[in-house]
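Hi everyone, thanks for coming. Please have a look at it first.

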Amino acid sequence: MTEQSTSPRVAIVTGAARGIGAATALRLAADGYAVAVVDLEESAGKDTVDAITAAGGRALAVGADVSDAGQVEAAVERIAAELGTPAVLVNNAGVLRDNLLFKMSESDWDTVMNVHLKGAFLMTRAVQKHMVDAGFGRVVNLSSSSAQGNRGQANYSAAKAGLQGFTKTLAIELGKFGITANAVAPGFIATDMTAATAARVGMEFEAFKQAAATQIPVNRVGVPEDVANAISFFASEASGFVSGQVLYVAGGPLD
Ligand code: NAP
């Protein structure tokens with residue numbers, strides 16, 4: 001039997017209430033997946049679920065803090081029971097706690113590490129057993145251009161660089177079970193997250209985006225759908241010979 005005929009069609013996207021996660025959930029639903037829309041509060045996922053349902057797709061909103069092992073285990077078991085065996089996991093949930101190093105608190109550090117790194121670890125550990133049993137899986141982790149270093153983001157850049165190592169190790173360990181793992185590393189994408197950064201530095205979001213665009217070779221900032229398109233490829237059955245890669249989605253060359 002081929003991968004194609006055995007692969008189940010359920011995708012989990014964390015942090016899918018808005019931004020890149022919401023666009024990814026919608027894209028994967030359009031690709032034919034039933035989508036678990038995971039976010040901190042179940043109610044926060046309602047708009048994404050409604051948009052998927054309105055377009056004729058199937059989705060389930062699930063509330064879970066990805067940095068809490070008990071909540072993650074319960075969420076994944078609920079998804080497996082109500083939607084089916086997860087074939088795709090997109091570790092997208094994220095937060096910022098930017099500050100220059102000398103002002104960065106332990107809590108700023110721990111929060112970012114817990115949501116991005118521990119969250120991806122806990123979600124992947126909980127989901128992989130279903131993928132191993134099925135002999136098929138696609139894990140996509142959200143890294144960032146900030147993995148290469150970014151002023152004010154010692155915590156975030158460390159977490160996003162860490163996710164690249166995590167991704168490569170998953171690819172090595174899980175490949176023999178039909179599971180691939182890849183990372184998408186966006187540059188500047190217009191979302192609530194970058195709007196919050198503009199507010200923090202005291203700029204109007206439009207002016208902030210225009211200033212960012214001048215530094216980007218394609219002369220625009222990204223939109224969530226730019227990232228969702230790349231995730232869609234890594235989530236597809238057709239990407240089975242691509243694993244452990246980091247794809248920068250940044251409107252220009254980064255490596
Ligand atoms: P966003 O608009 O801030 O959305 C992030 C989502 O994650 C929110 O719905 C948030 O819920 C949820 N979330 C936060 N902590 C969570 C937790 N512990 N458990 C479950 N869900 C949680 O962010 P975005 O811009 O779409 O970014 C998505 C991902 O792409 C992140 O990993 C980010 O680091 C990465 N990324 C973004 C950019 C960019 O330019 N936007 C660039 C590179 C990488 P609440 O609303 O309740 O907080």
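Let's begin with Gly 32, which counts as partly exposed because its relative accessibility is 43%. In these terms, buried means under 20% relative accessible area, exposed means over 50%, and partly exposed is in between, with a 1.4 Å probe and protein chains only.

Before going on, a word on where this comes from: the model is predicted, so local features need pLDDT of at least 70 and side-chain atom pairs count only at pLDDT 80 or more, while totals for chains, interfaces and linings use all residues. Residues are numbered from 1 along each chain as its sequence is written, and side-chain values use heavy atoms, with hydrogens and water left out.

Back to our glycine. Where does Gly 32 sit? You'll find Gly 32 in the loop between helix H2 (19-30) and strand S2 (34-39). Helices here are DSSP runs of H or I with at least four residues, strands are runs of E with at least two, and both are numbered from the N terminus. Gly 32 follows H2 and has a positive phi, near 110°. Along the sequence, Gly 32 and Arg 58 are 26 residues apart, yet in space their C-alpha atoms are 8.9 Å apart.

Now step back into H2 itself. This helix has 12 residues and spans 17 Å from first C-alpha to last, close to the expected 16 Å; that expected span is 1.5 Å times one less than the number of residues. Several residues of H2 are buried, among them Ile 20, Gly 21 and Leu 28.

Ile 20 also brings us to the ligand: a polar backbone atom of Ile 20 is 2.8 Å from a ligand oxygen. That is a polar contact, meaning a pair of N or O atoms within 3.5 Å; within protein, one must be able to donate a hydrogen and the other to accept it, and residues adjacent in sequence count only if both atoms are side-chain atoms.

How much of the ligand does the protein cover? On its own, the ligand has 900 Å² of accessible area, and the protein covers 90% of that, by the Shrake-Rupley method with a 1.4 Å probe, where for residues only the protein chains shown count as cover.

And which helix gives the largest share of the shell around the ligand? That is H7, with three residues. Thanks, everyone!
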